[in-house]
Amino acid sequence: MDKRLGLNKYEIDSESHIEVDKELCEKCEAKPCLFVCPAEVYKLEDGKLVYSYEDCLECGTCIIACKGMGRGAVNWRNPRGGFGIVYRYG
Ligand code: SF4
């Protein structure tokens, strides 16, 4: 998986396309984002959720999981035009 992900190219925006409502997130016990994201964008550091939007694969899984199994704290949108992941196959 890491080898395949390494083929991709990222045009990183200075503006994050992921926002997390900290208040809602703190009330969430399930935190499905930690388990569903294939790129491991979300992590816990000292019990607090942190995320690296730069690594996002733009699959949209986290927002669906957060709405369905969490508290709806994740606000995800597509990156601005020209930014985000460029998939390469090989
Ligand atoms: Fe991870 Fe997909 Fe959400 Fe990006 S859109 S943070 S890759 S689950």
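For sorting residues, Ala, Val, Leu, Ile, Met, Phe, Trp, Tyr, Cys and Pro count as nonpolar, Asp, Glu, Lys and Arg as charged, and the others, Gly among them, as polar. The model is predicted.

Q: How do the residues of the lining of the second largest cavity divide into nonpolar, polar and charged?
A: This cavity has a volume of about 80 Å³. Of its 14 lining residues, Cys37, Cys56, Leu57, Cys59 and Cys62 are the closest to the centre. Cys and Leu both count as nonpolar. The whole lining comes to 11 nonpolar, 2 polar and 1 charged.

Q: In which cavity does the ligand sit?
A: There are 13 residues around the ligand, and Cys37, Cys56, Cys59, Gly60 and Cys62 come nearest. The shell holds 10 nonpolar, 2 polar and 1 charged residues. Cys37, Cys56, Cys59 and Cys62 are also among the residues closest to the centre of one cavity. The ligand sits in that one, the second largest cavity.

Q: Which elements give two or more residues to the lining of the largest cavity?
A: The largest cavity holds about 100 Å³ of space. Its lining has 15 residues, and those nearest the centre include Glu11 and Gly84. By class the lining divides into 6 nonpolar, 2 polar and 7 charged. The elements that give two or more residues are strand S1 (9–11) and strand S6 (84–86).

Q: Which elements give two or more residues to the lining of the largest pocket?
A: The largest pocket has a volume of about 180 Å³. Its lining consists of Val20, Lys22, Cys25, Glu26, Lys31, Gly47, Lys48, Leu49 and Tyr51. The elements that give two or more of the lining residues are helix H2 (22–27) and S4.

Q: Which residue in the hairpin of S3 and S4 takes a positive phi?
A: Strands S3 (residues 42–45) and S4 (residues 48–51) run antiparallel and are joined by 4 bridges. Across the pair, glutamate 45 stands opposite lysine 48. The hairpin has 2 residues between the strands, and the one with a positive phi, near 55 degrees, is aspartate 46.

Note on methods. Residues numbered from 1 in each chain as written. Predicted model: local features only at pLDDT ≥ 70, side-chain atom pairs only at ≥ 80, totals over all residues. Heavy atoms only, no water. Near = heavy atom within 4 Å. 1 Å grid on protein atoms, 1.4 Å probe; cavity = no way out; pocket = protein on both sides within 12 Å on 5 of 7 lines; lining within 4 Å. Sits in = over half its atoms within 2 Å of the grid points. Pairing = 2+ DSSP bridges. Points joined across faces, edges and corners; volume = space filled by probe spheres on them.
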